[in-house]
Amino acid sequence: MGVVTYTDEHASSVPPARIFKASIMDSHNLMPKILPDAIKSIEFIKGDGGAGSIKQINFAGGSVKHQIDELDEKTFTYKYTLIEGMGISDKIEKVSYDIKFEGSADGGTISKMTTTIYTHGDIEIKEEELKAGKEKVLGLYKVVEAYLLKNPDAYA
């Protein structure tokens with residue numbers, strides 16, 4: 001098995017508690033609402049949303065299943081693993097994400113995400129494939145951030 005790991009950071013003027021509540025704790029309600037053409041629904045097929053739960057995200061062209069590995073509302077950390085669906089292939093066995101929202105000096109947030117891709121055998125992931133995955137995640141983050149900026153009372 002091969003392993004590829006990379007880390008990304010994104011700064012926002014929105015406080016960490018609001019981003020965490022919107023993008024993690026209530027994503028199953030918020031994402032289909034603000035991205036209805038892309039995300040049709042999100043449901044828990046096992047558990048109640050805490051560690052050990054499995055979340056299924058239904059897109060217009062398929063679905064994925066995430067296993068929630070860790071969820072800490074006090075430290076604004078969230079770890080999950082993509083275990084099935086789009087993104088899992090003959091090349092990729094699983095993808096793990098470790099997300100932490102930290103307060104910044106200006107009252108906003110520094111979001112740090114470490115992604116670990118586990119490949120079958122020694123298959124190499126091309127740079128353009130990694131870049132496409134990073135851009136999708138950043139795009140989702142920016143949509144949530146824009147929603148929170150337009151709706152200052154949401155998730156306050």
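Residues 1–151 are 28% helix and 45% strand, and the end C-alpha atoms of this span lie 45 Å apart. The model is predicted. UniProt, in an unreviewed entry, assigns residues 1–151 the feature "domain: Bet v I/Major latex protein".

**Helix packing**

Two packed helices are described by the angle between their axes and the distance between the axes. Here the pair is α1 (residues 16–25) and α3 (residues 127–150). Their axes come within 10 Å and cross at roughly 120°. Helices α1 and α3 are therefore oblique to each other. The crossing of α1 past α3 is right-handed.

The table lists who makes this contact.

| Helix | Contact residues |
|---|---|
| α1 | Arg18, Ile19, Ala22 and Ser23 |
| α3 | Tyr141, Val144 and Leu148 |

By type, the contact residues split into 5 nonpolar, 1 polar and 1 charged.

**Burial of α1**

How many of the 10 residues of α1 are buried? The count is 7, so α1 is largely enclosed by the rest of the structure. The buried set is Pro16, Arg18, Ile19, Phe20, Ala22, Ser23 and Ile24. Arg18, Ile19, Ala22 and Ser23 also take part in the contact with α3.

**Ile39 in strand β2**

Ile39 sits in strand β2 (residues 39–46). Is Ile39 buried or exposed? Its relative accessible area is 6%, under the 20% cut-off, so Ile39 is buried. Beyond neighbours within four places in sequence, Ile39 is in contact with Met31, Pro32, Ile57, Asn58, Phe59 and Leu140. Ser63 is 24 residues from Ile39 along the chain, and their C-alpha atoms are separated by 9.2 Å.

Technical notes: Residues are numbered from 1 along each chain as its sequence is written. This is a predicted model: local features need pLDDT of at least 70, side-chain atom pairs count only at pLDDT 80 or more; totals for chains, interfaces and linings use all residues. Side-chain values use heavy atoms; hydrogens and water are left out. Axes are lines fitted to C-alpha atoms, for helices over the stretch in contact, and angles run from 0 to 180 degrees between N-to-C directions. Helices (H or I, at least four residues) and strands (E, at least two) are DSSP runs, numbered from the N terminus. Angles under 35 degrees count as roughly parallel, over 145 as roughly antiparallel, 65 to 115 as roughly perpendicular and the rest as oblique. A crossing is left-handed if the near helix is turned anticlockwise from the far one by less than a right angle, and right-handed if clockwise. Contact means heavy atoms within 4.5 Å. Ala, Val, Leu, Ile, Met, Phe, Trp, Tyr, Cys and Pro count as nonpolar, Asp, Glu, Lys and Arg as charged, and the others, Gly among them, as polar. UniProt positions are given in the numbering used here, feature names are shortened, and annotations may be inferred rather than shown by experiment. Buried means under 20% relative accessible area, exposed over 50%, partly exposed in between (1.4 Å probe, protein chains only).
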